[in-house]
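Hi,

Here is the structure I promised to pass on. My notes on a pocket and some salt bridges follow below it.

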Amino acid sequence: MTVTDKFNDIRVLCVGDVMLDRFVSGQVKRISPESPIPVLSISGTKSFPGGAANVARNIASLGGSCTLVSVVGEDGAAAELRAILTKLEGVRCVFCVSAGRPTSEKIRFVADGQHMLRADAEVTEPISRRLAQELLESVSALAPQHDAMVLSDYAKGLLTDEVVRACIDIAKRHRLPIVVDPKSADLHRYAGATVITPNSREVLDATGIDPTDDDALAEAAGSKILDTAAVEAVLLTRGHRGMTLTGSGRSAIHIEASAREVFDVVGAGDTVIATLSLALGAKLDLAESARLANFAAGVVVGKRGTATVTQTELADEVLRLSRGSLQALQNKIMSREDAAELARTWRKNGFKLGFTNGCFDILHVGHLAILSFSRQNSGRLIVAVNSDASVKRLKEPGRPINSETDRAMVLAALSVVDAVVIFDEDTPLALIEELNPDVLIKGADYTIDTIVGARHVLSHGGKVLTCELVPGKSTTKMVNVLRGKASNS
């Protein structure tokens with residue numbers, strides 16, 4: 001099981017300001033004759049959930065479930081926001097409606113990928129006491145059903161001091177970790193939170209210290225916030241310098257940014273707190289949770305617009321950044337139950353599952369050919385390996401040469417292999433029936449009729465493919481050559 005698989009059963013209660021993010025895109029080909037401003041020729045408009053709604057969207061995308069509690073108006077933006085969110089598996093909306101308070105909208109005008117202008121339609125006055133009471137009644141009733149709480153503060157008037165204090169008290173009563181994305185220079189208003197995630201600008205406003213480019217200053221700012229805010233930990237998000245985690249009784253941890261290329265930072269903070277809340281809800285420690293959040297942020301800033309990170313993308317990023325460690329290879333070797341769960345996650349994220357199998361006793365170029373072919377014809381590839389007991393029953397005496405653990409580790413080291421499962425039966429039929437691959441691949445020394453599991457795969461609309469063999473390459477031949485040389489020596 002990968003670390004991100006632990007997110008599947010986590011339920012997060014998210015309280016905060018929701019908004020509708022609109023992106024109006026097009027091209028600029030001329031300057032207005034009325035005044036010296038560019039004219040945008042609009043080619044399309046897209047709308048996305050923003051603010052706390054984007055946190056909920058990220059939680060669902062990462063495999064968790066989220067109950068979103070907020071306030072909206074009686075308007076078209078609220079209806080559009082509800083329509084988008086109700087289509088997302090894993091998101092439940094509990095909205096208090098205010099007839100006199102419009103739903104917040106951010107409208108971004110983008111030309112050829114470059115932001116030209118943002119226009120906001122919103123009211124930022126504190127919500128009424130009646131609305132606050134209605135919202136807190138919902139939070140109190142929902143809290144026992146959840147594993148973590150998020151306060152997503154966009155300074156739009158929902159998270160008043162009264163609401164923040166009450167939410168933190170409710171979470172503590174139910175022993176929920178509390179993750180806060182703050183939007184106030186007075187960070188003490190979040191006292192009692194498990195972790196707050198201010199960015200460099202927010203840290204500067206709160207402490208007078210700019211932590212962006214200096215690790216020592218980041219540590220000093222974090223320590224100052226710990227002293228004044230009375231929170232358990234502070235995760236400073238520092239843009240291209242990554243993150244710095246400080247907590248009482250622990251040394252500061254500096255986490256380098258993992259992004260390969262930055263296209264858009266819109267919504268990156270939402271991705272961070274979504275990942276943090278899921279990880280803490282899954283009982284991961286704070287340092288590991290922060291690293292996962294950093295990996296997720298590195299993925300999302302490589303996308304345009306208000307984007308999300310899928311569970312599979314985060315797992316891939318964790319693997320990419322941990323390559324070279326034996327633990328990373330061991331994580332790719334899993335039980336058939338974990339493989340079945342992973343296969344369901346991959347399908348949910350839009351990947352086609354490929355499957356091939358064999359003994360793979362001495363890995364050779366013929367094996368590499370079929371493994372590469374298998375990966376080229378699938379989105380994700382599971383390789384099933386015969387156990388030692390299975391090989392002894394099927395092959396000549398003295399086999400296997402390499403143990404099942406060693407054979408699985410060698411396969412896990414290949415980038416074309418996404419997961420390895422060891423099976424004890426003589427054939428992988430039962431495993432194929434459990435995994436239900438979309439594509440089944442074997443060497444061309446088999447025909448479709450003789451491939452184990454082909455009938456099952458074809459029966460549910462899958463494909464069965466054969467790969468041309470590399471002439472003269474087989475483990476049995478290699479073993480015979482080696483044994484012949486040994487007997488002659």
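The second largest pocket has a volume of about 750 Å³. (A pocket here is an open set of points on a 1 Å grid over the protein atoms alone, where a 1.4 Å probe fits, with protein on both sides within 12 Å along at least five of seven lines; lining residues have an atom within 4 Å of a point. The volume is the space filled by probe spheres set on the points, which are joined across faces, edges and corners.)

Do keep in mind that this is a predicted model: local features need pLDDT of at least 70, side-chain atom pairs count only at pLDDT 80 or more, and totals for chains, interfaces and linings use all residues. Residues are numbered from 1 along each chain as its sequence is written, and side-chain values use heavy atoms, leaving out hydrogens and water.

In all, 33 residues line this pocket, and Gly358, His367, Lys442, Asp445 and Tyr446 lie nearest its centre.

On to salt bridges (a side-chain nitrogen of Lys or Arg within 4 Å of a carboxyl oxygen of Asp or Glu): the whole structure has 26. In one of them, Asp153 pairs with Arg189, with the closest N and O atoms 3.0 Å apart. Asp153 is buried at 4% relative accessibility, and Arg189 is buried too, at 14% (buried means under 20% relative accessible area, with a 1.4 Å probe and protein chains only). Arg375 forms another with Asp418, at 2.9 Å between the closest N and O atoms. Finally, Arg22, Glu80 and Glu105 are joined in a salt-bridge network.

Best wishes

Notes
Buried < 20%, exposed > 50% of the residue type's maximum accessible area, 1.4 Å probe, protein only.
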